[in-house]
Amino acid sequence: MISITVLALVFGVIFLAELPDKTALAGLVLGTRYRASYVFAGVAAAFTLHVVLAVAAGSALTLLPQRLVHALTGVLFLGGAAVLLLKKGDDEEEVRKPQDQSFWRVAGTGFMLILVAEFGDLTQIMTANLAARYDDPLSVGLGAVLGLWAVAGLGIVGGKALMKRVPFGLITKIAALVMLTLGAWTLYEAVAG
């Protein structure tokens, strides 16, 4: 059974954390050069693989004592908030144009770019934390995938307009505040539980 509450929470946290990340810029660059649907197919496949790996890691954490998991995930959430607040703006990475515009070439370029760039990324770690925190792999996985796909879609289709109107610093601060709240609440549960 899918928990809409957990799905919505995970979607919001992952969406906000990923929005100011390099993925939106990579999607923007690829989306301006290639067919958007081809780019999205590759990016979506890479994000799906990342989420499956993160949820599996987070689900394995649920086998540990609950207090220990809460303490560990609380500290990791607080660390993630610190990373968001302290990170400097990423430089745009240059993306080389494939020789042809075929589906497999463009989707493969998007897949490989995201697969490499996002491995061990903050949102992948957050997804594992959320899977451990809520012990609901399906809801967490679906929320994370939808959040990542939404950011990728925005980056590919509407990246230029979004970057002109939404201050990424504000989005980063909101994501950090949400993570601080989750970290503090999780640590409280570990101590009080």
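Modeller: Begin with a cut-off. A residue is exposed when its relative accessible area is over 50%, and buried when that area is under 20%. Arg 35 has a relative accessible area of 52%, so Arg 35 is exposed. Keep in mind that this is a predicted model.

Biologist: Where does Arg 35 lie?

Modeller: Arg 35 is in the loop between α2 (22-33) and α3 (36-61).

Biologist: Which residues does Arg 35 touch, beyond those up to four places away in sequence?

Modeller: Gln 101 and Val 106. Gln 101 is 66 residues from Arg 35 along the chain, yet their C-alpha atoms are separated by 7.9 Å. There is a polar link too. The side chains of Arg 35 and Tyr 38 are joined by a polar contact of 2.9 Å. Tyr 38 in turn belongs to an aromatic cluster with Phe 103 and Trp 104.

Biologist: Step back to the whole chain. How many helices and strands are there?

Modeller: Eight helices and zero strands. Along the sequence the pattern is α-α-α-α-α-α-α-α. Of the 193 residues, 43% count as buried. The chain exposes about 9900 Å², and carbon and sulfur atoms supply 69% of that area.

Biologist: How do I read the contacts at chain level?

Modeller: Look at sequence separation. Take the contacts between residues at least 6 apart in sequence: 94% of them join residues at least 24 apart.

Biologist: What does the side chain of Thr 127 reach?

Modeller: The backbone oxygen of Thr 123, at 2.7 Å. Thr 123 counts as buried because its relative accessibility is 4%.

Biologist: Which residues does Thr 123 contact, leaving aside neighbours within four places in sequence?

Modeller: Ile 14, Ala 17, Glu 18, Glu 118 and Leu 148. With Glu 18 there is a polar contact of 2.8 Å between the side chains. His 50 is 73 residues from Thr 123 in sequence, and 9.5 Å away in space, C-alpha to C-alpha.

Biologist: Which residues of α1 are buried?

Modeller: Val 6, Leu 7, Val 10, Val 13, Ile 14, Phe 15, Ala 17 and Glu 18.

Biologist: Last topic, aromatic rings. How many aromatic pairs are there?

Modeller: Five by this rule, where ring centres must lie within 6.5 Å. One of them is Phe 11 with Phe 15: stacked, 5.7 Å centre to centre, with 15 degrees between the planes.

Biologist: Why might such partners sit on one side of a helix?

Modeller: An α-helix has 3.6 residues a turn, so residues three or four places apart point the same way. Phe 11 and Phe 15 are four residues apart in α1 (residues 4-18), so about one helical turn separates them. Phe 11 is partly exposed at 29% relative accessibility, while Phe 15 is buried at 18%.

Another pair, Trp 185 with Tyr 188, is tilted: 5.7 Å centre to centre, 35 degrees between the planes. Both lie in α8 (residues 168-192), three residues apart, about one turn of the helix. Trp 185 counts as partly exposed, at 47% relative accessibility.

Biologist: Where does the charged end of Arg 133 sit?

Modeller: Over the ring of Tyr 134, 5.1 Å from its centre.

Conventions: Residues are numbered from 1 along each chain as its sequence is written. This is a predicted model: local features need pLDDT of at least 70, side-chain atom pairs count only at pLDDT 80 or more; totals for chains, interfaces and linings use all residues. Side-chain values use heavy atoms; hydrogens and water are left out. Helices (H or I, at least four residues) and strands (E, at least two) are DSSP runs, numbered from the N terminus. Buried means under 20% relative accessible area, exposed over 50%, partly exposed in between (1.4 Å probe, protein chains only). Contact means heavy atoms within 4.5 Å. Accessible areas come from the Shrake-Rupley method with a 1.4 Å probe; for residues, only the protein chains shown count as cover. A polar contact is a pair of N or O atoms within 3.5 Å; within protein, one must be able to donate a hydrogen and the other to accept it, and residues adjacent in sequence count only if both atoms are side-chain atoms. Rings of Phe, Tyr and Trp (its six-membered ring) pair if their centres lie within 6.5 Å; planes under 30 degrees apart count as stacked, over 60 as edge-to-face and the rest as tilted. A charge sits over a ring if NZ of Lys or CZ of Arg is within 6 Å of the ring centre and within 35 degrees of the ring normal.
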